[in-house]
Structure formats: C-alpha cells, structure tokens
Amino acid sequence: MDPAAEEARHLGLRFQRGFLAGRQLGAFPWPTILHPLCLKYPPSLKYRRCFISELIKKHESVATEPLDELYDVLADILNKEESTNCYKSYLLPTGDSVTLSETVAIISQGTTGLVTWDAALYLAEWAIENSAIFNNRTVLELGSGIGLTGIAICKTCNPKTYVFSDYHHCVLEQLRENIHLNGFVLESETENHTKMQSQSQRAEVMDLQGPKITVAELDWDSVAEEQLSELQADVVIAADVVYDPQITLSLIGVLQQLSISKTVGKPPEIYIAFTVRNPDTYHLFQTELGPALQVQQFPSCRRWHRKYGVKNEAPFPTSRRKTCLLPLSWKPKPSTRDSADSISVPF
C-alpha cells in the first residue's frame, strides 16, 4: 500500500477509536458521525454537537465549498433532547467492537459505577496483549462496573468461564444489559433455553457459544467464604477499586479469602489496575497486602506501552493519567528473605 494511503488509514482508525469512545480529538478525518456504530449506538448528544460544530469551524477556515451534509447533521442534533444515557464503542484489534450503554453524569443513582473509568480501559488493553493468561481459564472480575474489561476479555481472550461481579443494583442491571448488547447470553439464561431444545440443538449451541458468563452480586464487607469458594477462580482481576481507604481494606479481605479458598490447583493469579489519585491510598493498599499477597514483576507492559503509546493506536483511548497495574501472587509462608519490591508501571 502507498505510504501516504497507509498513513491516512491509520489516522482514520485512530480518530474513529477516539470519537466512538467519546474522547477529546486532535484531528478531523471524516468517517465518524456517519460511522455505522455511531448511527446505531450514538455517543452523547453534547459530544456529537461539540464535534460537528468544531468540524464545521475547521471546514470554514479553509477556502472550500460548504458541505450541506455537515449542516444537516448539526441541525438534526440541535433538534434532539439530551438523554441521561449514551453509548461508547471501542474497536478491537480483531475487527470486532465493544459497545457500552452508560450514564452521561459521572455520579448517577448514588454511584460512580455507571461510567467507564480509565483503569478499566487500561486493564482491557493489557488483557488483550496478554490473552494467554485468560485462555481456557475461570476468571473472576471484582467491581466489574458496566462491563468494559470483562466484555473485551470474553471477545478476545477465550476464557472458559467469566464471572462479572458488583454490588450496586443499578450497576448490576446496566452490566447485564451491556453483556446482552454485545451478543452474550448469561449462563442462567442458557440453561433455561437449552432445557427447551432438542439434543441436536443443544449440541449445536454448545459448539457455537463462547465462555460461560455469570453475574454475581458480591458485597465485599459481608460476602460468605462459601460463595467465594464456589467460584474457584484461576484469575482474579479488578479495575479502579483502589480509591477509598475503607473500600481498599474490604478489597484486601476478599483477595485474601480468594487466595485460600481455591481447593483445586494453585491459588488464583490476581491483577489490580487503578489510577493513582491519592498516593496515601495507594501506599495503604500496598502496606495492607501483608506478607501473603506479594507484588510481582509486571509482564510485558512496557512492550505494550511502546507499541501503542506514541501514536495512540490502542483500542481503548485513555486520558493518560497515571494508571498502574499490580500483579499479585499468593505466598503461603512468609519468608525471612527481603520482600520483593513493589512494581507499578505508569500508563
């Protein structure tokens, strides 16, 4: 392909990723407002209005004929009323996409769990680059929110079982909606459906379906040991759950229970991604982990960052705030040797 054409293709792809995810944009290629995903699952009205207005300004600043199509789109947007919900879509390296319905407001229904936060984008990106960690394994996600990370993993990493979990009833409802929106069926729904099918139909469904997906209501302060033991997770992940001291202590309690509740095989691998907003909370998390849960060297993150960091070609555009991922491993008996240094990799 001609180098100029290839550069134009990459520019368009980067721009589409940012636009569909509702991010601030630095350039203005064309296939955006009329992108099929945008037409079916539109970003917020405010975002589209700001985008098309800026695009018109850019177009009017050069000596070209006005494009009636731009003004028609703006007129259509101005005649609509803003909704409390919008869609954001993320283009995956596989050619597939993840589309989420989320609230326009950061705080809604008494929770911040109805929007996607940067740490979830970061963890999803890293998971795609390290898909072997999740391949054919049982994955438990703590604090799934509206589902970005888990849905991306289910679409690209081939887990055997994926357990989404959260506590707020509105978040759980929106999470289930987004799982369905992306073409997945919950395990409970699959079981009910297959009871009504013939043996040949059930066999066909088993061949076509992806991972077994469940949504669990988990209150970290009161979750029973039996409930955690039933999950038998091989991998535990969480994004943006280290932001409040009280919640942090509850999280560590759950991680410790999960590490000792595994009855088959090794204790689960644990990966926690979070944005560092308050250094004191971050240090509290590291301190309270204790001798049993130990921070390990982060696998291949720097290679990933070099690959995507400069040109912003990553599937999940983020704000570039300082985001870290801590892989934790179970250490059954405290050693007299010096403990491993904490490793955090800035995003």
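Residues are numbered from 1 along each chain as its sequence is written, and side-chain values use heavy atoms, with hydrogens and water left out. Because the model is predicted, local features need pLDDT of at least 70 and side-chain atom pairs count only at pLDDT 80 or more, while totals for chains, interfaces and linings use all residues.

**View 1. Helix α3 packs against helix α4.** Let us start with α3 (residues 45-60) and α4 (residues 68-78), whose axes come within 10 Å and cross at roughly 155°. Helices here are DSSP runs (H or I, at least four residues), strands are E runs of at least two, and both are numbered from the N terminus. Axes are lines fitted to C-alpha atoms over the stretch in contact, with angles from 0 to 180 degrees between N-to-C directions. The angle makes α3 roughly antiparallel to α4 (over 145 degrees; under 35 counts as roughly parallel). The crossing is left-handed (the near helix is turned anticlockwise from the far one by less than a right angle; clockwise gives right-handed). From α3, the contact (heavy atoms within 4.5 Å) takes in L45, R48, R49, I52, S53, L55, I56, H59 and E60, and from α4 it takes in L70, Y71, V73, L74, I77 and L78. Sorted by class, this contact has ten nonpolar, two polar and three charged residues (nonpolar: Ala, Val, Leu, Ile, Met, Phe, Trp, Tyr, Cys and Pro; charged: Asp, Glu, Lys and Arg; polar: the others, Gly among them).

**View 2. Helix α11 meets helix α12.** Here α11 (residues 245-261) and α12 (residues 279-288) pack at an angle of about 25°, with axes 10 Å apart. The two helices are therefore roughly parallel to each other, and α11 passes α12 in a right-handed crossing. On the α11 side you will find P245, T248, L249, L251, I252 and Q256, facing T281, L284, F285 and E288 of α12. Six of these contact residues are nonpolar, three polar and one charged.

**View 3. The largest pocket draws on α6 and α11.** This pocket holds about 750 Å³ of space. On a 1 Å grid over the protein atoms alone, a pocket is an open set of points with protein on both sides within 12 Å along at least five of seven lines; a cavity is a set where a 1.4 Å probe fits but cannot get out; and lining residues have an atom within 4 Å of a point. Points are joined across faces, edges and corners, and a volume is the space filled by probe spheres set on them. Of the 32 lining residues, G143, D166, V241, Y243 and I247 lie nearest the centre. α11 gives the most to this lining, with three residues. The lining has 13 nonpolar, 13 polar and six charged residues.

**View 4. The largest cavity is lined in part by β7 and α12.** Of two cavities of 30 Å³ or more in the structure, the largest has a volume of about 50 Å³. Around it sit V242, Y243, F274, T275, V276, R277, N278, T281 and Y282. Both β7 (269-275) and α12 supply at least two of the lining residues.

**View 5. The second largest cavity has α10 and α11 in its lining.** Its volume is about 40 Å³. L228, S229, Q232, A233, L258, S261, K262 and P268 line this space. Four of them are nonpolar, three polar and one charged.

Notes:
Angles under 35 degrees count as roughly parallel, over 145 as roughly antiparallel, 65 to 115 as roughly perpendicular and the rest as oblique.
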